[in-house]
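I opened the model and went through it in short entries. What I looked up is set down below in the order I took it.

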Amino acid sequence: MAGIEISRRKVLAGSAFLLASTALPSIGWTQAKKGGRLVVAADSEPRNLNPAIVASNGVFFVASKVVEPLAEASFDGEDGLAPRLATSWEGSADGLSVTFKLREGVTWHDGKPFSSADVAFSALNVWKPLQNLGRVVFKNLEAVETPDANTAVFKFSKPTPLQLIKNALPALTSVVPKHVYEGSDIAANPANNAPVGTGPFKFAEHKAGEYYRLERYDKYWGDNAPALDEIIYRVLPDRAAAAGALEAEEIQLAAFSAVPLADLKRISKVAGIKVISEGYEALTYQLVVEINHRRKELADAKVRQAIAHAIDKDFVVKTIFLGYAKPATGIVPQNDKQFYAPDVPTYGFDVAKANALLDEAGYAKKDDGKRFALKLLPAPYFNETKQFGDYLRQALAAVGIDAELVNNDSAAHQKAVYADHAFDLAIAPPVFRGDPAISTTILVQSGIPDGVPFSNQGGYKNDELDGLIDKAAETLDPSARIELYKEFQKKVAADLPLINVAEWGFITVARDTVKNVSNNPRWAVSNWADTYVET
Amino acid sequence: MSLGRLFRSPEAVAGFAILGLLVAIALLAPVLFPGDPLAIAGQPLTRPFQDWTLPLGTDRLGRDVLAGLFHGARTSLAVGLAAAAASILVGSVVGTVAGFAGGLVDEVLMRITDAFQTVPGFLLSLALVSVVGPSLGVVVAAIALSAWTGPARIARAEVLSIRERDYVASARVIGMHPVEIAFREVLPNALPPVLALSSVIVAAAILTEAALSFLGLGDPNRVTWGGMIAEGRAVLRSAPYLSVIPGIALVLAVLGVYLAGEGVVEGTAAREGQA
């Protein structure tokens with residue numbers, strides 16, 4: 001039976017090959033889909049490469065090829081998902097359990113078979129207790145039952161919306177092998193630096209400061225996948241270097257806007273190089289002004305509204321993002337089709353109104369033209385966040401607020417803002433991950449312990465919003481849940497616990513020879529099983 | 001030394017001319033460009049010589065490059081002079097104490113000096129600024145931290161020879177306190193060779209400040225030439241003038257300080273040679 005299937009596959013592949021070769025006669029018989037080495041730029045070397053613990057794009061960029069989630073985001077799949085390790089998922093009517101059917105015939109890179117025990121172990125021992133995002137989404141996960149090797153039943157102590165679980169599948173459910181992690185200190189396991197997974201590529205080596213190398217996993221479960229033999233991540237921390245390396249054909253692809261936006265216009269005209277803005281739809285970054293509500297001036301909603309009116313969002317989009325962004329209207333980005341609410345209070349650029357609001361709040365201009373002074377901490381992760389810091393200082397000066405910029409490196413910035421609360425305003429780039437409950441509501445919710453990055457560390461507390469967040473967390477009906485989040489967006493936009501300025505996806509720049517690029521909404525952090533280099 | 005002698009060499013003349021211009025620019029900056037030089041003044045990325053209200057164009061946010069250049073001169077000169085003054089002050093005090101006290105004090109102070117000299121100065125500055133956080137005072141302290149060893153060594157060498165002179169011995173005889181002798185009799189005479197070092201220190205301090213700013217460790221609330229170069233680097237291929245203009249200013253400033261310093265030293269040497 002298996003033999004027949006394989007031969008049918010071969011026939012199909014063969015005919016596809018014939019079609020391709022007739023369609024492109026100039027390339028002729030040299031065109032080979034299989035094989036090839038893809039060299040891409042990496043701008044950072046994460047200390048921990050375990051995506052089940054650190055669900056962040058820097059980690060996924062490398063690790064998502066090695067360690068797979070239960071499902072991946074998809075442009076045309078049902079619910080916007082494409083199955084990976086799970087083939088189907090079903091929720092119970094009471095919202096207390098979700099049943100996953102798992103893929104058969106999957107093996108780990110060390111040869112051991114993959115089973116539901118791995119999923120149960122990952123969920124209960126890694127995602128729920130250790131993962132930055134899983135702590136929130138899986139907080140009511142009580143047990144995972146494994147009636148057989150290919151079924152995992154998630155049991156929740158409180159009703160948990162299936163909609164949320166589905167939206168969380170791509171980013172939060174990287175499955176790690178139980179036999180590697182069991183009985184060890186999971187956070188310190190050496191496999192965190194050399195991950196073992198079920199993905200299309202095996203982790204081969206990492207030379208610090210030079211490269212990561214992944215090689216093809218021949219026993220991958222996917223048909224004719226992976227197409228590439230090897231992926232090399234060349235560490236190029238200098239953003240200006242990526243463009244040069246692409247032109248010199250030292251690398252073939254630079255994702256996550258490794259090529260500076262200011263260089264895109266020029267490089268798009270270079271022959272053999274394409275600039276692609278698709279493939280980041282499920283990874284929308286938001287440019288946000290975080291506010292420390294412990295400052296008495298900033299605890300006044302009028303002051304926050306004045307600051308919102310002082311920011312020219314169009315200028316920010318045009319000048320800082322060179323048009324590769326959109327002005328934000330609220331806490332959910334516009335490209336989210338499920339949850340986005342357009343009818344929220346907005347704050348147009350209006351210096352006179354900002355000044356009037358500040359006067360009204362009782363902070364009149366003193367003799368030197370200033371009202372009060374603030375500390376402004378721009379996050380150092382992106383050029384754009386730093387530049388927006390420079391801009392915001394000027395925008396605030398125009399309404400009489402004297403902002404002093406404080407620059408820190410990443411570690412010091414996170415400590416200052418999220419642990420020590422030593423800021424008045426900070427600029428952050430949080431990510432919207434397809435569902436407000438994953439990484440967005442914690443920007444507003446109160447009662448989050450000190451030190452949790454990208455969460456409400458500004459001391460903001462609004463019982464009404466907290467109530468909405470709690471209610472939505474256990475509302476099972478998808479449309480009722482969406483309504484609650486629309487209400488949430490309106491209230492956030494009215495009270496401004498934080499100010500959303502812009503939202504952006506990244507840009508991929510690749511050589512024309514790299515095919516199947518950006519074919520899903522999380523492409524840069526997906527498994528690249530079908531990507532190949534034409535030779 | 002007469003001014004005529006000072007201006008004898010063309011290098012010295014050029015040096016003083018550049019330095020004078022620099023000082024004038026720094027002093028005139030708040031008059032010619034009142035207000036915040038970091039304010040957004042026009043269309044972003046206006047090229048130089050296009051718009052005569054913004055003669056050198058604007059950067060990526062639309063800030064006036066010429067205003068940045070003028071106000072940057074203030075920062076560069078202020079940091080250069082303050083760092084040089086601080087390191088000469090600390091260095092000559094340490095050198096004088098070491099040389100005059102001798103013995104264990106000398107040993108200890110000189111080994112500390114050695115320790116500071118073995119660490120590359122720029123790394124030391126980098127470490128201090130990244131730990132304490134970037135602000136103008138910290139940058140000055142960081143530069144002085146790595147630059148005080150030179151003056152200390154020279155001061156000590158001078159003091160070692162001066163302390164054997166007759167007038168020092170007579171000061172001892174009349175019962176002056178050793179501290180008084182060290183700082184009223186010895187130090188003033190040990191100072192000229194130390195001061196000759198100042199131009200080198202100022203030039204190095206300007207460069208170190210620019211390098212720190214370039215790495216994002218300058219005071220972000222002030223314009224600095226190093227910061228301007230760093231800002232321009234992202235658009236180096238499409239708008240090179242943003243890095244080139246402050247780069248030229250930096251080269252000229254360092255050259256001017258250095259040539260003027262050379263002129264002073266040569267002038268002094270000529271006088272001594274004649275005498």
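I began with Asp79(A), which I found in the loop between strand E2 (71-73) and strand E3 (81-83) of chain A. Helices (H or I, at least four residues) and strands (E, at least two) are DSSP runs, numbered from the N terminus. I am working on a predicted model, in which local features need pLDDT of at least 70, side-chain atom pairs count only at pLDDT 80 or more, and totals for chains, interfaces and linings use all residues. Residues are numbered from 1 along each chain as its sequence is written, while chains are lettered from A and ligands numbered from 1 in the order in which they are written.

I checked the backbone of Asp79(A): its phi is positive, near 60 degrees, and the residue is not a glycine. Asp79(A) counts as partly exposed because it has 15 C-beta neighbours inside 10 Å. For burial I used C-beta atoms placed from the backbone: 20 or more others within 10 Å is buried, 12 or fewer is exposed, and in between is partly exposed.

I then turned to Ser257(A), another non-glycine residue with a positive phi, about 50 degrees. Ser257(A) sits in the loop between strand E11 (253-254) and helix H8 (261-267) of chain A. Is Ser257(A) buried or exposed? I noted it as buried, since 26 other C-beta atoms lie within 10 Å.

Next I took chain A as a whole and listed 16 helices and 22 strands. Its radius of gyration is 24 Å, close to the 24 Å from the globule rule for 535 residues, so chain A is as compact as a globular protein of that length. The radius is taken over C-alpha atoms, and the rule is 2.2 Å times the number of residues to the power 0.38. The C-alpha trace of chain A spans about 85 × 55 × 40 Å along its principal axes. I recorded 50% of the 535 residues in chain A as buried.

In chain B I looked at helix H3 (residues 65-101), which has 37 residues and reaches 52 Å from first to last C-alpha, close to the 54 Å expected at 1.5 Å a residue. The expected span is 1.5 Å times one less than the number of residues. I counted 27 of the 37 residues of H3(B) as buried, so the helix is mostly covered. After H3(B) comes Gly102(B), with a positive phi near 65 degrees.

Last, I consulted UniProt, where an unreviewed entry lists "transmembrane region" for stretches of chain B including 77-101 and 239-261. Over residues 77-101 of chain B I found 100% helix and 0% strand, with the end C-alpha atoms 35 Å apart.

Key. UniProt positions renumbered as here; feature names shortened; annotations may be inferred.
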